[in-house]
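Here is a short report on one protein model.

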Amino acid sequence: MNDDIGRLATREYEVTRPDGAKAKLAFALCDLSRENALARHARKRGAVAFGLLSLEGFAEAPAHPLLWVQTTAGMEMTVSDGDHPPGPELQRLIARHFILFFDDISDVAPGLAALPLSAGEERPN
């Protein structure tokens with residue numbers, strides 16, 4: 001797979017929301033060595049991997065793809081300017097699917113599944 005952002009692997013996962021409607025999470029692993037704004041941002045963050053995540057069919061989801069950056073310390077996600085971050089329930093669903101995604105692409109990026117997905121502590125409500 002070859003495109004401007006250097007997608008190395010993609011996977012889509014269909015889920016059923018609590019109301020029975022279908023929704024989709026689409027993950028992309030991108031090439032960290034590319035000379036584009038996303039790869040440069042990821043390298044500045046100390047990334048070992050980065051990519052995009054699109055959410056479709058979730059009322060509380062950002063309208064634009066999220067940029068994810070995996071460091072040795074954990075996962076960071078950035079929303080587009082003017083977008084709102086996913087809520088706590090959607091964040092948990094995303095985290096579960098990142099585990100699945102990293103396992104599914106282990107032939108392309110074997111070390112990702114062993115890295116932590118969270119760098120910070122959960123904040124109390």
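Helices (H or I, at least four residues) and strands (E, at least two) are DSSP runs, numbered from the N terminus. This is a predicted model, where local features need pLDDT of at least 70, side-chain atom pairs count only at pLDDT 80 or more, and totals for chains, interfaces and linings use all residues. Residues are numbered from 1 along each chain as its sequence is written, and side-chain values use heavy atoms, with hydrogens and water left out.

**Fold**

The protein has 2 helices and 5 strands. Along the sequence they follow the pattern β-β-α-β-β-β-α. Buried residues account for 37% of the 125 residues. Buried means under 20% relative accessible area, exposed over 50%, and partly exposed in between (1.4 Å probe, protein chains only). Contact means heavy atoms within 4.5 Å. Of the contacts between residues at least 6 apart in sequence, 51% join residues at least 24 apart.

**Aromatic pairs**

Rings of Phe, Tyr and Trp (its six-membered ring) pair if their centres lie within 6.5 Å; planes under 30 degrees apart count as stacked, over 60 as edge-to-face and the rest as tilted. The whole structure holds 8 aromatic pairs. Two of them are set out here.

| Pair | Type | Centre to centre | Angle between planes |
|---|---|---|---|
| Tryptophan 68 and phenylalanine 101 | edge-to-face | 6.4 Å | 80 degrees |
| Phenylalanine 98 and phenylalanine 102 | tilted | 5.5 Å | 50 degrees |

Tryptophan 68 sits in strand E4 (residues 66-70) and phenylalanine 101 in helix H2 (residues 88-104), so their pair ties together parts 33 residues apart in sequence. Both tryptophan 68 and phenylalanine 101 are buried.

Phenylalanine 98 and phenylalanine 102 are separated by about one helical turn, because they are 4 residues apart in helix H2. Phenylalanine 98 has 2% relative accessibility, so it counts as buried. Phenylalanine 102 is buried too, at 2% relative accessibility. Ring pairs link these residues into a cluster: Tyr13, Phe27, Trp68, Phe98, Phe101 and Phe102.

**A loop residue**

Where is arginine 17 found? It lies in the loop between strand E1 (7-16) and strand E2 (22-30). With 25% relative accessibility, arginine 17 counts as partly exposed. Neighbours within four places in sequence aside, arginine 17 is in contact with Ala23, Gly57 and Phe58. Arginine 17 and phenylalanine 58 are 41 residues apart along the chain, and their C-alpha atoms are separated by 8.2 Å.
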